Amino acid sequence: MKKKRDKALVFSNKMYLFLIPALSFFLILWVYPVLQLFYYSVTNFNGIDYNYDFVGLKNYIKIFENGSVINSIGNTLIYTLVVVVLSNVLGLAAAMALNTKIHFKGLFRTTAYFPALFSAIVVGFIWTYVYMPSSGMIASLISLFGGDGSTFNPLGDFNVALFAIALVEVWKSFGTTMIIYLAGLQTVDESLLEAGRIDGCTEWQLMRKVKLPLISSTITINVILNVIAGLKAFDYSFIMTNGGPGKSTKTLMFQIYEIAFTDQKMGRASAFSVVSFLVIIAITVAMLFIMNKREVEL
Amino acid sequence: MIFGKKKKDDREVETYLKLTPKVLLLYLAIIVFCVVIILPLVIVFSSSLRHVSNQSSPLLLFREFTLESYITAFNNMNYPAELLNSIITTGGSVLVVVLIAPMAAYPIARIKSKLARFLYVFFISGLVIPSQMVIVPIAQTFSRLGIPNTRFTPMLMFITCSLPFSVFLFAGFMKGVPVEIEEAAYIDGATLSQRFWLVVYPLLKPAIVSTVITQGLWIWNDYFYPMVFITKKAQYSLPVGMLQFLGDKENPAQWNVLFAACVLCALPLIIVFLILQKHFVNGIAAGAVKG
């Protein structure tokens, strides 16, 4: 008991004062704006004129009726799924390959990580060139090998464009995922693997039964980081496709931006934000629940 | 953990895998993979070194070496001013973050109470909120607080958005700093702020490096907040300056200049990365593994 009281003396409640600067930023510029969304969402505020009216649930009814909510939720989820799966599978595979004793490890690692250094806007420009029909990189390569490059137009294809921009995100982000996996794999105790080998495990068994369970927390953090990044999808819809063709690459965040800044309908954009907020919270909570449960089982 | 591991590797003499067919296949797979990843960047770099008017296929790599496209891009971009703005905003934001995020993490990591636990979750939950979602009320808050649109305005948002991850990182890292050191300092009569700034803070160096790299990286590359808050061209940072090329991206005639601009935009970070490569790799990994 005495020990505990000493602790309280050393780490007194005065320490909470250290929170003031960070908490001020966070409350004024992050939490308060999120709360304001709920208020603006029931008005017809246009961003300039402060004589706005309350319109009740009209904004919500509108965005559900015109189908933009369902469309952009669907697009965002597909985008997120592609990014999470590809980034983790490629990242883990690359990390496993680089975790062996091979030459030029550093060079390979640098190469794989390199795209992560570029601004999304530069990446968007580069990949617009890569995807261009006729004269773009992939189209030219197809022509070079005797195919017809002029018909290759992923960004113009209603069914493919979303996957095409998700692939750009994977290209940029998987190097970071790989580096985190590499760090996780390096914490795996070599003697455990040695023991497994003596017991006659194949390399595949070692990976499934020893390595993967041991790095489960690394998998969790990578999946969480990629899901968060996927749900924030905005850059490549904004830079590369402008939401098109049709509505096929309009993600939640792109849609909000478009309603707020192109249509100048702040009230409606706020209603859209509230819906996005609920979707993101629901997915995050569900994910944490599943991940926690899985880690306990292991 | 990672830092300890590195030392061990240095002491050991590396024994490489023998070149069996299986290992050769592994090399081949890695090389093909790397080529696929890096190919767009190689083409961009080679095109940027061509004359502005060179219209031949960009696939014809490195046939021409001139800085003409770079000079055109440099002048179009107002490069020195943009570079300076990028350095100021990124440097300033990161500096504030590495001061106030560890401060906030201090009570969160040290006090065992429901309130501290709640604050921890409270900060982390900020991680899932995208910028585009809250930009409307944030812009309103700014105008109500009378904050003018200057080159420094985006810094407020850079700092705020960096807090969730940084606090999470510092709180995780601080749990590894032994309580006994502080108790000793307390007995020696150190005040709370002396204890934090002179005893705990210097021990956070790896977490500070990690924060500078992970947060500096996204802040340097962010174009969204400057795009919303800055109206004057003279105040643009490098990524926002790139927006002026938005119309050129689908026009092959403009590609050489566009690509030169892309290289110029990325160049400062590439140089920093090549110099501090080890810190980058360790910093990113530590950021995720420690927390």
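Tutor: Let us begin with the elements themselves: helices (H or I, at least four residues) and strands (E, at least two) are DSSP runs, numbered from the N terminus. The model is predicted, so to speak of local features pLDDT must be at least 70, and side-chain atom pairs count only at 80 or more, while totals for chains, interfaces and linings use all residues. Residues are numbered from 1 along each chain as its sequence is written, chains are lettered from A and ligands numbered from 1 in the order in which they are written, and side-chain values use heavy atoms, leaving out hydrogens and water.

Chain B has 14 helices and zero strands, so its pattern along the sequence reads α-α-α-α-α-α-α-α-α-α-α-α-α-α. Its C-alpha atoms fill a box of roughly 75 × 65 × 30 Å along the principal axes. Of its 291 residues, 53% count as buried, where buried means under 20% relative accessible area, exposed over 50% and partly exposed in between (1.4 Å probe, protein chains only). Among the contacts in chain B (heavy atoms within 4.5 Å) with a separation of 6 or more, 72% join residues 24 or more positions apart.

Now for the close look. In chain B, helix α4 (residues 79-110) packs against helix α10 (residues 205-221) at an angle of about 140°, and their axes are 10 Å apart. Axes are lines fitted to C-alpha atoms, for helices over the stretch in contact, and angles run from 0 to 180 degrees between N-to-C directions. α4(B) and α10(B) are therefore oblique to each other; under 35 degrees counts as roughly parallel, over 145 as roughly antiparallel, 65 to 115 as roughly perpendicular and the rest as oblique. From α4(B), the contact is made by B:Leu83, B:Ser86, B:Ile87, B:Thr90, B:Ser93, B:Val94, B:Val97 and B:Val98. From α10(B) come B:Ile208, B:Thr211, B:Val212, B:Gly216, B:Ile219 and B:Trp220. By class, nine of the contact residues are nonpolar, five polar and none charged (Ala, Val, Leu, Ile, Met, Phe, Trp, Tyr, Cys and Pro are nonpolar; Asp, Glu, Lys and Arg charged; the others, Gly among them, polar).

One residue of this contact, B:Thr211, also leads us on to B:Gly283: the two are 72 residues apart along the chain, yet their C-alpha atoms are separated by 7.5 Å. B:Gly283 sits in helix α14 (residues 277-290) of chain B and is buried, with a relative accessible area of 4%. Beyond residues up to four places away in sequence, B:Gly283 touches B:Ser210 and B:Thr214.

Next, chain A. The axes of its helices α9 (residues 190-198) and α10 (residues 203-214) come within 10 Å and cross at roughly 150°. A:Leu192, A:Leu193, A:Gly196 and A:Arg197 of α9(A) meet A:Glu203, A:Leu206, A:Val210, A:Lys211 and A:Leu214 of α10(A). That contact has five nonpolar, one polar and three charged residues.

Two single residues complete the tour. A:Thr177, in helix α8 (residues 161-186) of chain A, is buried at 3% and touches A:Ser87, A:Asn88, A:Asn222 and A:Asn226, leaving aside residues up to four places away. A:Ile228 belongs to helix α11 (residues 216-231) of chain A and, at 12% relative accessibility, counts as buried. With the same exclusion of residues up to four places away in sequence, A:Ile228 touches B:Leu127 and B:Val128.
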